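Subject: Handover of the two-chain model

Hello,

Please find the structure below, followed by my notes on what was found in it.

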Amino acid sequence: MSDTFIIVGGGHAGVRAIDCLRRADFDGRIELVSADPHLPDHRPPLCKKFLRGQTPLERMYLRHEPHFARHNAVLRLGTQVEAIDPEARAVQLAGGENLSYDKLLLCLGARARRLDVPGSGLQGVHYLRSYDDAAAIQAGFTAGRRLVVVGAGYIGLELAATACELGLSVTVLELAERALARVVAPVVSAFFARRHAQAGVELVCNARVREFRGAARVRSVVTADGREFPAELVVVGVGNQPETALAQAAGLACENGILVDAHCRTSDPDIYAAGDCTRHPSVHFGGKVRLESVDNALEQARVAAANMCGQPLRHAHVPWFWSDQYDIKLQIAGLSGGHDQLVVRGDPAGSGFSVWYLRRAEVLSVEAVNRPADFMQGGKWIAERRRVDPARLGDPGVALAAV
Amino acid sequence: MSGQLGFYFDASACNGCKACLVMCKDKYDNPIGVNFRKVIHYSGGYWEAHPTQKGIMVPHVYAYSISVSCNHCAEPACLDACPTGAIAKKANGLVVIDKEICVGCRLCESCPYDAPQFNEELGVMTMCDGCEDEIARGGRQACVAACPQRAIQFGDLAGFREQYGTVAGIEPLPDPAITAPSLVVTPHRNSPLSGQGTGEVKYER
Ligand SMILES: Cc1cc2nc3c(=O)[nH]c(=O)nc-3n(C[C@H](O)[C@H](O)[C@H](O)COP(=O)(O)OP(=O)(O)OC[C@H]3O[C@@H](n4cnc5c(N)ncnc54)[C@H](O)[C@@H]3O)c2cc1C
């Protein structure tokens with residue numbers, strides 16, 4: 001009898017896992033159970049192109065129907081998994097049906113962190129994770145409206161850029177002293193702050209949201225220092241929490257994410273996990289990390305699939321990320337923690353430059369603004385643990401290949 | 001700026017021999033599993049009342065093949081999905097992948113035609129480039145040259161539309177509204193339009 005592998009979660013990780021299982025020659029039964037009611041879709045466009053209102057859902061499918069048929073995968077959409085029984089090796093679906101598995105892969109993603117302040121339940125206060133969330137926001141995206149975005153992270157800023165291009169009047173409130181503080185170098189934050197200011201977005205840093213005001217609908221956002229920002233629409237983007245409840249209830253080890261090893265295996269040998277819901281050891285950089293990115297979801301899915309098929313594979317890949325705002329493409333490779341030197345290549349006052357993080361001259365990470373070639377080269381160097389001469393790296397007169 | 005280049009495909013002439021696919025695969029030396037062009041066999045049908053004899057039901061059946069590659073769409077879904085900017089639409093309308101900045105993430109596989117193909121050895125995406133070398137020297141595309149039925153043509157899309165009409169989607173091709181493909185199809189007789197078929201894909205590739 002052939003094996004049954006069940007995948008829970010139809011996001012980037014879950015969908016990629018189907019493909020990778022078949023590429024690894026798994027010929028048993030694959031079932032993908034996802035709470036989302038429609039075919040799995042791309043999330044990145046949800047705060048960009050989709051909000052412009054010209055993108056039907058079919059254009060955002062990760063894969064179209066025939067792909068799943070070709071890969072002989074059964075999709076159970078709009079179906080919540082309510083419990084896992086690791087002893088019986090079965091999952092329980094909403095409605096009570098049980099599905100047995102030989103191996104289980106959890107690709108549960110993350111949920112938008114809620115802002116727990118008075119008024120957070122008012123109409124017009126939105127979070128953004130899923131297609132349905134985005135559709136609700138899009139319905140209120142009318143030129144001239146006042147939008148307050150809480151949080152100057154990637155989602156907040158991308159959304160602000162789109163809204164601004166559509167003629168909304170946009171204010172972004174950020175708790176930290178600069179935008180993207182957690183994720184990029186100050187010079188990159190400054191670059192984006194300038195670009196948003198140029199477009200007419202009001203970016204307010206050091207602003208702690210204390211309250212949303214309004215009767216039934218939100219009318220304003222109040223910060224801790226008493227300032228009041230009028231709002232007809234609010235989108236909160238203040239980070240995510242990994243989806244761990246299901247795993248926790250099943251007794252799997254969790255700690256700010258479902259804990260997995262470098263093979264994407266959880267504390268149960270027959271249960272694997274991939275994507276935003278996991279925390280994993282970083283083979284390249286050391287330590288444990290939780291990454292929220294499409295790349296990480298895809299790569300962990302590949303690693304998990306191989307190991308589920310008995311082909312040992314470690315998650316040793318150099319992570320990468322991107323963000324699109326206006327005409328700017330930011331691309332990041334590697335992880336910057338532990339660096340002892342920052343090198344800027346190119347002119348941050350111009351339209352493209354890159355920031356390099358070094359540790360004892362070894363390249364750890366690169367943040368490339370409109371510089372795809374720097375991003376590509378950086379990724380290779382990071383993987384090779386290449387050491388560079390910081391002076392030559394910072395000299396735009398020296399070709400990258402000659403650094 | 002030149003006009004949009006595209007494909008004309010005559011489903012009423014195709015016999016499903018796959019010479020197009022083989023010639024293309026050979027030209028680009030693609031590994032197993034990587035096909036810029038594929039051939040799909042589709043068949044189906046239903047019972048219908050005989051036109052003149054009362055009470056008699058007769059079968060209405062169809063079986064035909066479709067050869068399809070990248071359609072160099074007006075609204076390419078692959079281009080939207082690409083995170084690195086590696087996919088671009090050129091002045092002649094061709095949708096091309098820059099292998100130098102492709103990271104091989106495969107997000108462009110959201111193409112409803114399944115056109116972008118991941119080349120595992122190279123670690124990048126690859127797909128039909130309209131045989132750019134042949135365009136440059138005025139020659140014929142590999143698939144076009146290979147077809148013994150003369151069912152495939154490549155050239156000026158507006159010209160094809162003028163000559164053959166505007167049908168771009170018969171089953172099992174996706175609804176052309178999704179990406180506006182640069183494709184004109186002469187349907188096989190009885191072939192249902194995209195989204196209206198009850199038949200099944202018998203074989204692909
Ligand atoms: C608006 C937006 C923009 C983004 N932009 C970028 C970007 O530009 N670049 C980038 O790298 N990343 C971006 N991200 C992040 C990226 O989308 C995530 O990192 C990625 O989706 C993670 O994939 P995943 O498969 O782990 O989780 P998800 O894609 O979140 O999928 C999780 C799935 O699990 C399902 N699920 C959860 N619990 C259950 C259950 N109990 N039963 C059944 N199903 C369940 C959910 O319904 C969902 O389908 C963005 C995210 C958002 C929301």
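Setting aside neighbours within four places in sequence, His188(B) touches Ala11(B), Ser12(B), Ala63(B), Tyr64(B) and Ile170(B), where contact means heavy atoms within 4.5 Å. His188(B) sits in the loop between strand E9 (183–186) and strand E10 (200–204) of chain B; helices (H or I, at least four residues) and strands (E, at least two) are DSSP runs, numbered from the N terminus. With a relative accessibility of 14%, His188(B) counts as buried. The classes are buried for under 20% relative accessible area, exposed for over 50%, and partly exposed in between (1.4 Å probe, protein chains only).

This is a predicted model, in which local features need pLDDT of at least 70 and side-chain atom pairs count only at pLDDT 80 or more, while totals for chains, interfaces and linings use all residues. Residues are numbered from 1 along each chain as its sequence is written, chains are lettered from A and ligands numbered from 1 in the order in which they are written, and side-chain values use heavy atoms, with hydrogens and water left out.

Next, the interface. Between chain A and chain B, 22 residues of chain A are in contact with 27 residues of chain B. The buried area is about 2100 Å², and carbon and sulfur atoms give 51% of it; buried area is the accessible area (1.4 Å probe) that two parts lose on being put together, summed over both. There are 14 residue pairs in polar contact between the two chains, both residues at pLDDT 80 or more. A polar contact is a pair of N or O atoms within 3.5 Å; within protein, one must be able to donate a hydrogen and the other to accept it, and residues adjacent in sequence count only if both atoms are side-chain atoms. On the side of chain A that touches chain B, the elements giving two or more residues are helix H1 (12–23), H7, strand E22 (320–325), strand E23 (328–334) and helix H8 (372–384) of chain A. H1(A) gives the most, with 4 residues. That side divides into 9 nonpolar, 4 polar and 9 charged residues. Here Ala, Val, Leu, Ile, Met, Phe, Trp, Tyr, Cys and Pro count as nonpolar, Asp, Glu, Lys and Arg as charged, and the others, Gly among them, as polar.

On salt bridges, the count over all chains is 33, and between chain A and chain B it is 7. A salt bridge is a side-chain nitrogen of Lys or Arg within 4 Å of a carboxyl oxygen of Asp or Glu. One of those between the chains pairs Arg23(A) with Glu120(B), with the closest N and O atoms 3.1 Å apart. Within chain B, Lys38(B) and Asp114(B) form a salt bridge at 3.3 Å, N to O. This pair links distant parts of the chain, 76 residues apart: Lys38(B) is in strand E2 (residues 38–49), and Asp114(B) is in the loop between strand E5 (95–97) and strand E6 (117–119) of chain B. Both Lys38(B) and Asp114(B) are buried. Through shared partners, salt bridges join Asp19(A), Arg23(A), Arg63(A), Arg70(A), Lys38(B), Arg106(B), Glu109(B), Asp114(B) and Glu120(B) into one network.

Helix H7 (residues 294–308) of chain A has 15 residues, of which 14 are buried. Within H7(A), Glu299(A) and Arg302(A) lie 3 residues apart, about one turn of the helix, and their side chains meet in a salt bridge (2.9 Å, N to O). Glu299(A) is buried at 9% relative accessibility, whereas Arg302(A) is partly exposed at 38%. After H7(A) comes Gly310(A), with a positive phi near 80°.

Some backbone details remain. Most residues other than glycine have a negative phi, and most peptide bonds are trans. Tyr326(A), not a glycine, has a positive phi of about 50°; Tyr326(A) lies in the loop between E22 and E23 of chain A and is buried at 17%. Cys131(B) also has a positive phi, near 50°, and is buried, with a relative accessible area of 6%. The peptide bond from Glu171(B) to Pro172(B) is cis, with omega near 0°.

Regards

Definitions and conventions. Expected span 1.5 Å × (residues − 1).
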